[in-house]
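Hello,

My notes follow below it.

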Amino acid sequence: QALLLLQSNHLPEARTLLETLVKNFPSESSLWVLLSQTAFVQQDFTHALEAAQQAITLAPDNFEAEVSLQRVLIRLGKNQDALESLQNARGKIEDAALDCLEMDIWLNQGKTEEAQKKMQGCSHSEIPNLAEDSRANLAIATNSADSSVVESLGVDTVTHNYRAIQRMQAG
């Protein structure tokens, strides 16, 4: 139901439902990720950060949680914290995927040469669409792509979280 609310752009209702779900299922990291993503879209970065940190505490190898955390930290201008978080995630999450996230941090700082250095590692990521999204971001930053290419929440992440909610409601 939360996914349906999100897809129909009923963010306040989706967030209320997610806040209830995390109270009832506080150890389910995917719910915290979805709550973080919802708060992020609502530009409530303090709560987005808290939810992402909770998700990582519960599941340090949860890539979606790391993505949520990175997006919030970058948005808050905490690039050094984002880099430190990535270093802590090394060994828990696929290195190629972390290279993609690190590219975004360097791009946010305007350091396209550093971002380009991470592209080779990023291109080996097995996470669907991640390398393509990072390539698009790099192309935009270096003015080698149409500026209409934008980054958004991946369907795979939303689908994963929706399935987790379904499992909890069935159980």
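How many residues does helix 7 have, and how far does helix 7 reach from its first C-alpha to its last? Helix 7 covers residues 95-108, which is 14 residues, and reaches 20 Å. That is close to the 20 Å expected at 1.5 Å a residue. The expected span is 1.5 Å times one less than the number of residues.

Some ground rules before the rest. This is a predicted model, so local features need pLDDT of at least 70 and side-chain atom pairs count only at pLDDT 80 or more, while totals for chains, interfaces and linings use all residues. Residues are numbered from 1 along each chain as its sequence is written, and side-chain values use heavy atoms, with hydrogens and water left out.

**Overall**

The chain has 10 helices and 0 strands. Helices (H or I, at least four residues) and strands (E, at least two) are DSSP runs, numbered from the N terminus. Of the 171 residues, 46% count as buried. Buried means under 20% relative accessible area, exposed over 50%, and partly exposed in between (1.4 Å probe, protein chains only). Take the contacts with a separation of 6 or more: residues 24 or more positions apart account for 55% of them. A contact means heavy atoms within 4.5 Å.

**Confidence**

Mean pLDDT for the chain is 78. pLDDT is the predictor's confidence in each residue, from 0 to 100. A value of 70 or more is reached by 78% of the residues. Helix 4 (residues 45-58) has the highest mean of the elements, 96. Helix 10 (residues 155-170) has the lowest, 41. Over residues 145-171 pLDDT stays under 50. The model has 36 contacts beyond four places in sequence for that stretch. Where pLDDT is low, the predicted coordinates should not be read in detail.

Of its 14 residues, 12 are buried, so helix 7 is largely enclosed by the rest of the structure. Among the buried ones are Leu 98, Asp 99, Cys 100, Glu 102 and Trp 106. After helix 7 comes Gly 110, with a positive phi near 80°.

There is 1 disulfide. The cut-off is a pair of cysteine sulfur atoms within 2.5 Å. Cys 100 and Cys 122 form it, with their sulfur atoms 1.9 Å apart. The link of Cys 100 and Cys 122 is right-handed, with 95° about the S-S bond. Cys 100 lies in helix 7 and Cys 122 in helix 8 (residues 112-122), so the pair ties together parts that are 22 residues apart in sequence. Both Cys 100 and Cys 122 are buried.

Asp 99 is in helix 7 too. Asp 99 is buried, at a relative accessible area of 12%. Not counting residues up to four places away in sequence, Asp 99 touches Arg 90, Lys 118, Gly 121 and Cys 122.

Ser 125 sits in the loop between helix 8 and helix 9 (130-141). Ser 125 is buried, with a relative accessible area of 13%. Its C-alpha is separated by 5.2 Å from that of Ala 97, 28 residues apart along the chain. Beyond neighbours within four places in sequence, Ser 125 has contacts that include Glu 94, Cys 100 and Leu 130.

**Core**

The largest nonpolar core has 47 residues. Such a core is a set of buried Ala, Val, Leu, Ile, Met, Phe, Trp, Tyr and Cys residues joined through side-chain atoms within 4.5 Å. Leu 18 and Phe 63 touch the most other members. Helix 7 gives the largest share of this core, 8 residues.

Helix 3 is mostly covered, with 11 of its 13 residues buried. Those 13 residues should span 18 Å at 1.5 Å a residue, and the end C-alpha atoms are 19 Å apart, which agrees. Gln 43 follows helix 3, and its phi is positive, near 65°.

Ser 36 is found in helix 3 (residues 29-41). Ser 36 is buried, with a relative accessible area of 1%. Its side chain reaches the backbone oxygen of Ala 48 at 2.8 Å. Leaving aside neighbours within four places in sequence, Ser 36 is in contact with Ala 48, Ala 51, Ala 52, Ser 68 and Val 72.

Best wishes

Technical notes:
Polar contact = N/O pair within 3.5 Å; in protein donor to acceptor, adjacent residues only side chain to side chain.
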